[in-house]
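Let's take a friendly walk through a protein model. Have a look at the chain below, and then we'll visit a few spots in it.

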Amino acid sequence: MELKRYGFILKGPGYDPEEHRAVLDSGSFRTQIVAVSSTEQACAAARILFDQGIQILELCGGFDQEAASRVVEALEGRIPVGRVVFDPVEARKAAAPLTAQDHEKAPTEDR
């Protein structure tokens, strides 16, 4: 079966899955994005996305392995669930707080 419907769940403080969501639809591929603030909300959102026809689900790096496993369980293994992870070097950078000054020094295409 050709992949045509993709779901992505991101997690961060204060997100409300009823309010913080987006759909990107090219006519031949549809991506549904939902933002949540807890693993419980992610499990509920995953079930809703499945009921809406997604074929594969990806979780942002804010989900550890235990939380990702809970989402898999909520879906009863019916579709593949992946999780964004960083390689060790990038994980160390992500763990360090990024200050506004660091951000100003970061290279961009515009500079």
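Ala45 is buried, because its relative accessible area is 6% (buried means under 20%, exposed over 50%, and partly exposed in between, using a 1.4 Å probe and protein chains only). Before going on: this is a predicted model, where local features need pLDDT of at least 70, side-chain atom pairs count only at pLDDT 80 or more, and totals for chains, interfaces and linings use all residues. Residues are numbered from 1 along each chain as its sequence is written, and side-chain values use heavy atoms, leaving out hydrogens and water.

Ala45 sits in helix α1, residues 39–51 (helices are DSSP runs of H or I with at least four residues, strands are runs of E with at least two, and both are numbered from the N terminus). Not counting residues up to four places away in sequence, Ala45 touches Ile9, Val34 and Val36; contact means heavy atoms within 4.5 Å.

Now for Gln55, found in the loop between α1 and β4 (56–59). Gln55 counts as buried because its relative accessibility is 18%. Leaving aside neighbours within four places in sequence, its contacts include Met1, Leu3 and Pro80. A polar atom of the Gln55 side chain also lies 2.5 Å from the backbone nitrogen of Lys4.

Here are two C-alpha pairs, one for each residue we visited:

| Pair | Apart in sequence | C-alpha to C-alpha |
|---|---|---|
| Ala45 and Ala74 | 29 residues | 9.8 Å |
| Gln55 and Gly7 | 48 residues | 7.7 Å |

Conventions:
Polar contact = N/O pair within 3.5 Å; in protein donor to acceptor, adjacent residues only side chain to side chain.
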